[in-house]
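Morning, everyone. Please have a look at the model first.

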Amino acid sequence: MRTTTTFPSTSTSTSTPPTAVRNLGILAHVDAGKTTVTERILFLTGATHKRGEVHDGTTVTDFDAQERNRGITIFAAAVSCAWDGHRINLIDTPGHVDFADEVERSLRVLDGAVAVFDAVAGVEPQSESVWRQADRYDVPRIAFVNKLDRMGADLDTAVASIRARLHTVPLVVQLPIGREDEFTGVVDLLRMRALLWHPGKDTYETTAIPDALTTQAQADRRELEERVAELHPTAMEEYCTTSALTTATLTAALRDLTLSGEGVVVLCGSAYRNRGIEPLLEAVVSYLPSPQDVPAVRGTLGETVQERPADAAAPFAGLAFKVNATATGRLTYVRVYSGTITKGETVMDAGTGRTERIGRILRVQADRHAELERATAGDIVAVVGLKTARAGTTLCSPEAPLVLEPPAVAASVVSVAVEARRSVDTGRLSSALARLVEEDPSLAVRVDRETGQTVLSGMGELHLEVAVEKIRRAHGIEVGVGRPQVAYRETVVRGVTGLVYRHVKQDGGAGQFAHVVLNVEPLEAQAGATPTFTFEATVTGGRVPQEYIRAVEAGCRDALTEGPLGGHPVTGVRVTLTDGATHSKDSSELAFRTAGRFALRTALREATMQLLEPVAELTATVPEEAVGGVLGDLASRRARVTNTTTRAGTSTLTATVPLSELFGYATCLRSRTQGRGTFTSRAVGYVGVPVGVSG
């Protein structure tokens, strides 16, 4: 269970002006070193007094027990620190594809990001995915090529992969000094100086560029100037006039290109060995935007669109992007876009119109929090006291309502059936699942109406494994996990005609008598509809009264709940009552309902039946080079491919796949596409199960 430690703040309010605030995220593929980068930033800025290590389980941001046991970031963690007169609100995001929704919610409220790349692997699959997520929100980025001390590390190769796979213009501002385990520093190409880190020291030493690197440094500086001049009009004018760019012009142009997204500043280092972090912080302050550098947030009020500037004096508007429903209360993480909120103030949920009171405002430091009296435009804080706010909820001043666009929530792709091992825990499990969904909108819980199973859906098998383990740890509930049952159907392929059924029961007193004759035949589906059941009567001469005909229909519907093949519901049946007989004393609606039920059951046993299975329309987006393997896998899953399109190196496949074959498909698709493939699916109906395939 997560615990929350509160410690006194040295100040009761946020005094940093919006121009000196940086709200940024650390993005990367799993194991690229982003958590280590975060730890070094916290240490160098004085936010912590000891370097945390992932392998020791001592990091600030990976404070959950599951994160420390698995050695990966699972939950986005917010921290805050100060550097060179600036307040840096930083979110360490997960790198595993199963937790991409945590990244999505974080990017929605961030102004900038640092993308961390492995100097050996370059751009990895999830690096590419989070980069595309940042593209959707127009988040300016800088790049940090990490792990230059590893064997096989090469900055040029990593930069080439950034250019080729991310389709952006990398602007390299540093040159490494030394290779692999001899990496000791970098050449600053803007100020043409060397920055050296010595073992045992936390700060770098500024020296002249080593003679062996002077020629290369001059060439790289020249290349940087040329690339910047090609992209920036002011730089181009100066370059055409003087054939060079001053440091001031180059710095200003790099900032403009970063904010516009036309270029990406690239730095390098080794976070584990504490090399390259100070220049990275300087780049964050110099190139990434403040809340006032990004466009004013836009929201809706009825049919009108309004903008709110990042101004403390404007009406309050904020977006809740994360909720921690702990045993001691709810923490709601809020990005304040405009205005000011104070402790004890009343705010409105713009979606529901409900007002709630802010109990406390906290400066976030992962699992620790410092109390504040107020938060102003540009801040990212946690608040206590909100009972109904969810991720994506707009909070605003009751006098100036506004609805902001919530972060997108990806559709769940993997499901498991969950149940409490002890019946006494069933109610507690329902409450625990509700709390899980409250914290993580990418999880979904439903009860299958046909199977009665509780089904938990998420973004991947690891995602669900973590969710179930969280229930076990936090609530002490033993949970059984299994594969969801597939809701099969049965249908009539060849029917029967003139089936006679006589129901007679005499056990003293009034008896029961009903005589029916049925025709049973397949029911063809109308265009766009699923065949179900129709009943009609062609009895003449009043041989069966109308009230008994309705009873026969009700009995037939009773019989459709269990078919003869496997006890599955029966669909696609047309039943016609052609004849019948009554008894003056013993006939009743109950007798004819019973006769209808048993008559149809008998007819279905004599008819030729077929098992139906649910199918889904699957749309997979995969790299062009992986299409062959993906198509082969779909064929093994009895899929029928209906369409294939290719554009810009990416192929989109559409296929109809049996639902029973989709269990585990998310993991398989990621494996075949190196994590770059995605898919969505939706149920589209039922088809016959081929001979030899068991339901």
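Two strands count as paired if DSSP finds at least two bridges between them. Helices (H or I, at least four residues) and strands (E, at least two) are DSSP runs, numbered from the N terminus. This is a predicted model, in which local features need pLDDT of at least 70 and side-chain atom pairs count only at pLDDT 80 or more, while totals for chains, interfaces and linings use all residues. Residues are numbered from 1 along each chain as its sequence is written, and side-chain values use heavy atoms, with hydrogens and water left out.

Now the sheet. Four strands form an open sheet in the order β27-β28-β26-β29, paired antiparallel. At the edges are β27 (444-447) and β29 (479-482), each pairing on one side only. On average, neighbouring strands here are turned by 30 degrees against each other, direction ignored. Axes are lines fitted to C-alpha atoms, for helices over the stretch in contact, and angles run from 0 to 180 degrees between N-to-C directions.

Five bridges join β26 (residues 414-420) to β28 (residues 454-458) in the antiparallel sense. Serine 415 is opposite serine 457 in β28. Across β26, β28 and β29 lies helix α11 (residues 461-475), at about 125 degrees to β28.

Next, the helix pair. Helix α8 (residues 247-260) packs against helix α9 (residues 277-287) at about 75 degrees, axes 9 Å apart. So α8 is roughly perpendicular to α9 (65 to 115 degrees counts as that). Where do they meet? Thr251, Leu254, Arg255, Thr258 and Leu259 in α8 meet Val285, Ser286 and Tyr287 in α9, contact being heavy atoms within 4.5 Å.

Definitions and conventions: Angles under 35 degrees count as roughly parallel, over 145 as roughly antiparallel, 65 to 115 as roughly perpendicular and the rest as oblique.
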